[in-house]
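Please read these notes with the structure open beside you, and look up each residue as it comes up.

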Amino acid sequence: MYFAMNRFRIAIGQEEAFEAVWKGRDSSLAEMPGFIAFHLLRGESVPEEGYTPFISKSTWESKDAFVAWTKSENFRAAHRSAGDNKAMYLGPPKFEGYSVVEGA
């Protein structure tokens, strides 16, 4: 199993707009071989630094399945307008990928 996560720092006051972008997106993840689940996670705001953390987390059967997604036309289509909302981000997202070592 493989977990792919992007960490976002969203400007305080832009949280609902950021969530709306994700809720309104045309996702084709479920069509991808090896895809298991997706979650958008919201953390506690960090007022002194001016952001609220979010993580997009997708779960895959394998790293190979995730990499295939990143090379697909579905991936390109899903990320085509990613730059349209730059004002809500405090810097670019940070990618992290994890393989399961132990656990169900």
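1. Is Arg-42 buried, partly exposed or exposed? In this predicted model, Arg-42 counts as partly exposed, since its relative accessibility is 42%. Its side chain meets that of Glu-16 in a salt bridge, with 3.7 Å from N to O. Because Glu-16 lies in helix α1 (residues 15-23) and Arg-42 in strand β2 (residues 35-42), the pair ties together parts that are 26 residues apart in sequence. Glu-16 itself is exposed, with a relative accessible area of 51%.

2. The salt bridges number six by the rule applied here. Among them is the one between the side chains of Arg-76 and Glu-73, at 3.2 Å from N to O. These two residues are three apart in helix α3, so about one helical turn separates Arg-76 from Glu-73. Both ends are partly exposed, Arg-76 at 43% relative accessibility and Glu-73 with a relative accessible area of 44%.

3. Another salt bridge joins Glu-96 to Lys-94, where the closest N and O atoms are 3.1 Å apart. Here Glu-96 is buried, with a relative accessible area of 13%, whereas Lys-94 is partly exposed, with a relative accessible area of 48%. Elsewhere, salt bridges that share partners join Glu-16, Glu-19, Lys-23 and Arg-42 into one network.

4. Helix α2 (residues 63-70) has Ala-65, Phe-66 and Trp-69 as its buried residues. Seen down the axis of α2, they fall within an arc of 100°, and therefore they line one face of the helix. The elements that cover these buried residues include β1 (2-11), β3 (51-60), α3 (73-78) and β4 (94-99).

Key. Residues are numbered from 1 along each chain as its sequence is written. This is a predicted model: local features need pLDDT of at least 70, side-chain atom pairs count only at pLDDT 80 or more; totals for chains, interfaces and linings use all residues. Side-chain values use heavy atoms; hydrogens and water are left out. Buried means under 20% relative accessible area, exposed over 50%, partly exposed in between (1.4 Å probe, protein chains only). Helices (H or I, at least four residues) and strands (E, at least two) are DSSP runs, numbered from the N terminus. The arc is that of the directions from the helix axis to the C-beta atoms. Contact means heavy atoms within 4.5 Å. A salt bridge is a side-chain nitrogen of Lys or Arg within 4 Å of a carboxyl oxygen of Asp or Glu.
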